[in-house]
Amino acid sequence: MNRRHLLAIESSCDETASAVIRDDGKILSSIVASQDQLHAEFGGVVPEIASRAHVTRIVPVLSSALDAAGISRTDLAAVAVTSEPGLVGSLLVGLTAAKTLAMCLDIPLVTVNHIEAHVYACGLDEQGPIFPCVGFVVSGGHTSLYDCVSAVDFRLIGGTTDDAAGEAFDKVARILGLPYPGGPSVAAAAESGNPRAFDMPRPMLKNPGLDFSFSGLKTAVLYAARGVPGPEQLSETPVDRVPDLAASFQAAVVDVLVQKARRALKQTRHRRLCVGGGVAANRHLRDQLTAMAQQENIELRIAPLKYCTDNAAMAAIAWEYLRAGRTADLDADVLPGLVRRRSPHATSASPGSS
Amino acid sequence: MIEDVIFHSDSEAETDRFARWCAAGVPAGLTFALTGDLGSGKTHFVRGFCAGLGVRPADVTSPTFVLMQLYRGTMYTVCHFDTYRLGDPDEFLALGAEEYLEDPNCVCVIEWADRVESLLPSDHVRLSIRATGPTQRQITMTPGGPQSHLLVESVRRAANG
C-alpha cells in the first residue's frame with residue numbers, strides 16, 4: 001500500500017469540490033462541481049446554492065477526484081475538509097462525507113479553515129514557500145487580512161465590518177444594471193470609464209486600523225448614479241454614466257484594499273504579501289498591488305487564477321497541519337458564518353441550537 | 001383593522017433607536033420580513049435590532065454571501081437570512097429555512113423577504129424601508145397576525161412616547 005495521498009473536500013458555499021494532493025504537495029486532481037465535465041452526471045442545471053445540491057453532488061465529485069488522480073481510497077493517508085467558515089448546511093455535507101471516509105478507512109481527519117486555505121493557494125503548484133507573510137483574502141464573502149507566521153499560525157488582523165469587497169462589486173453591478181457576477185462585469189465596464197469622474201469615498205482609510213467597510217461606498221455609488229433619494233431620484237442608472245461610475249467605484253475599492261494591505265505589511269513587518277480569493281482576479285487590483293509591492297520592495301504573491309475561486313486543492317494546507325499533529329476528532333463540528341476578528345466564536349451557534 | 005406604524009428616521013442613530021424598540025417587544029419565534037432597495041439600510045436595521053437582543057453589533061455583517069447567519073442573543077438565537085442571491089423560493093427551503101422559521105426559540109430576520117413571500121409564516125412583521133433623502137428613511141411596519149400586532153402596538157407606543 002502506498003498511503004501518500006490526501007483527499008480534500010470543500011463544500012463551504014456554492015461549489016462542491018474535491019482534490020487529491022500528494023505528500024510532496026503535488027496536486028494530482030482538482031474537481032469543482034460547476035465544471036463542465038460533471039454537468040452531464042447530474043442531468044443539467046444544478047441548483048446553484050443549497051446544501052441539498054451538495055448532497056447529490058458530493059459522492060460523484062469525490063469519485064471523480066480519486067479517478068482523475070488515478071488512485072483508490074486505500075491509497076489515502078488522510079481526509080481534509082473545510083469546516084469553517086461558510087454556510088451551515090453546506091459545510092455539514094462535506095464534513096459528514098469526510099468523517100465517514102476517515103472512519104471507514106481508519107485514517108486521520110483534518111479540518112481546514114477555508115479562508116486560510118485561500119492564502120495557502122498562493123504557494124500551490126510548486127511556487128515556493130509563502131510563510132511568513134501577510135495573507136489577504138478578498139472574495140464575495142470576505143475581506144480579511146492575516147498575520148501568517150506559519151501554516152499553523154494565522155492571526156486575523158483585519159476584516160470587513162459590513163459588506164465584503166466582492167459583495168460590493170455584485171451590488172454595484174446591480175445598481176449599474178450590469179450582470180452577475182459583478183466582479184468581471186464591473187471591471188469590464190470600468191475599462192472605458194474615467195476613475196476620477198466621480199469622487200467616491202475611501203471608507204475606513206482615515207481610520208488607523210485594518211478593518212474595511214464597503215456598505216457606505218455602495219450607497220455612494222447609488223446616489224451618484226441616480227441622485228439622492230426623493231422625487232428626483234432616477235429608477236435606473238443612465239447607461240452613459242455606467243463606465244465612469246464603474247471605474248470610479250473600482251478605483252475606490254482597490255485604493256482601500258491596497259492601502260490597507262500596505263498598512264498590514266508595515267504593522268507586521270513581513271516582507272511578503274499573499275493574496276487569494278475571487279476578487280484577486282481583478283486586473284486593476286493586481287496592477288495596483290504590483291505597484292505597491294515595488295514601492296515597498298516586498299514580494300507579492302497572488303494565487304493562480306484557477307485557485308482564486310473556491311476549490312479543494314488549496315486544502316493542501318492540511319499536509320502542514322498533519323505534520324504539526326493537528327488532526328480533528330470524529331465529533332468535529334462546523335463553524336458557520338463569516339470570519340470575524342473581535343469575537344470569532346460569537347456566531348458559532350450550531351444548527352438547531354438555541 | 002390593524003394599522004401600520006410609519007416611522008420617519010433622519011439618521012442612522014434614529015434607525016438604531018427604532019430597531020431597539022422592535023427588539024424590546026419581540027416575542028420568541030417571530031419573523032421579521034425586510035424589504036427595501038439596495039442601500040436602504042436593511043442590514044443596518046438588523047444590526048440595531050440584534051444589538052437590542054444582546055448580540056454584539058460588530059458580529060452582524062451582511063449575510064448576502066453565506067445566505068444565513070446565526071447570532072446568539074441573551075434570550076434568543078437570531079437567524080439572519082438574506083435571499084438576495086437565491087434563484088427561487090425552493091432554494092430558501094433547501095437552506096433549511098423552515099427549521100428556523102418554526103423554531104420557537106429563534107427570532108428570524110429576512111432581508112429581501114419579498115422573494116420568499118409564499119414561505120413566510122402568516123403572523124410575521126413586515127418592515128419596508130424606503131430612502132427619502134441621503135440619510136432619511138421611511139420605515140413602514142405592518143403586522144400579519146396577533147403576535148406581530150402586539151409588537152407593532154408596543155413600537156407605536158414607544159414611538160409616540
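A polar contact is a pair of N or O atoms within 3.5 Å; within protein, one of the two must be able to donate a hydrogen and the other to accept it, and residues adjacent in sequence count only if both atoms are side-chain atoms. The legends below describe close-up views of a predicted model.

**View 1. The interface between the two domains of chain A.** The domain assignment of chain A gives domain 1, made up of residues 5-120 + 309-353, and domain 2, which covers residues 133-303. Between domain 1 of chain A and domain 2 of chain A there is 1 residue pair in polar contact, with both residues at pLDDT 80 or more. Salt bridges across the interface of domain 1 of chain A and domain 2 of chain A number 0. The two domains of chain A bury about 1,500 Å² between them, and carbon and sulfur atoms give 66% of this area. In terms of contacts, 18 residues of domain 1 of chain A meet 21 residues of domain 2 of chain A.

**View 2. The side of domain 1 of chain A that touches domain 2 of chain A.** Of the residues on the side of domain 1 of chain A that touches domain 2, at least two come from helix H4 (114-120) and at least two from helix H10 (317-323) of chain A. H4(A) gives the most to this side, with 5 residues. By residue class, the side of domain 1 of chain A that touches domain 2 of chain A comprises 9 nonpolar, 2 polar and 7 charged residues.

**View 3. The salt bridge of A:Lys306 and A:Asp125.** Side chains of opposite charge can pair when their charged atoms come close. Over all chains, the count comes to 15 salt bridges. One of them joins A:Lys306 to A:Asp125, with 3.2 Å between the closest N and O atoms. This pair links distant parts of the chain, the two residues being 181 residues apart. A:Lys306 lies in the loop between strand E10 (299-302) and H10 of chain A, whereas A:Asp125 lies in the loop between H4 and strand E6 (133-138) of chain A. A:Lys306 counts as exposed because its relative accessibility is 54%, and exposed means over 50%. A:Asp125, at 36% relative accessibility, counts as partly exposed.

**View 4. The salt bridge of A:Glu299 and A:Arg272.** The side chains of A:Glu299 and A:Arg272 form a salt bridge at 2.7 Å, N to O. A:Glu299 belongs to strand E10 of chain A and A:Arg272 to strand E9 (residues 272-276) of chain A, so that the pair links distant parts of the chain, 27 residues apart. The relative accessibility of A:Glu299 is 33%, and this residue therefore counts as partly exposed. A:Arg272 counts as buried because its value is 15%, and buried means under 20%.

**View 5. A salt bridge in chain B and a network in chain A.** In chain B, a salt bridge of 2.6 Å, N to O, joins the side chains of B:Glu117 and B:Arg126. B:Glu117 has a relative accessibility of 39% and counts as partly exposed. In chain A, salt bridges that share partners join A:Arg262, A:Lys266 and A:Glu296 into one network.

**View 6. The surroundings of B:Thr43.** B:Thr43 is part of helix H2 (residues 42-52) of chain B. With a relative accessibility of 13%, B:Thr43 counts as buried. Apart from neighbours within four places in sequence, the residues in contact with B:Thr43 are B:Thr61, B:Ser62, B:His80 and B:Glu111. The side chains of B:Thr43 and B:Glu111 are joined by a polar contact of 2.9 Å.

Note on methods
Residues are numbered from 1 along each chain as its sequence is written. Chains are lettered from A and ligands numbered from 1 in the order in which they are written. This is a predicted model: local features need pLDDT of at least 70, side-chain atom pairs count only at pLDDT 80 or more; totals for chains, interfaces and linings use all residues. Side-chain values use heavy atoms; hydrogens and water are left out. Helices (H or I, at least four residues) and strands (E, at least two) are DSSP runs, numbered from the N terminus. Buried means under 20% relative accessible area, exposed over 50%, partly exposed in between (1.4 Å probe, protein chains only). Contact means heavy atoms within 4.5 Å. Domain bounds come from an automatic or database domain assignment. Buried area is the accessible area (1.4 Å probe) that two parts lose on being put together, summed over both. A salt bridge is a side-chain nitrogen of Lys or Arg within 4 Å of a carboxyl oxygen of Asp or Glu. Ala, Val, Leu, Ile, Met, Phe, Trp, Tyr, Cys and Pro count as nonpolar, Asp, Glu, Lys and Arg as charged, and the others, Gly among them, as polar.
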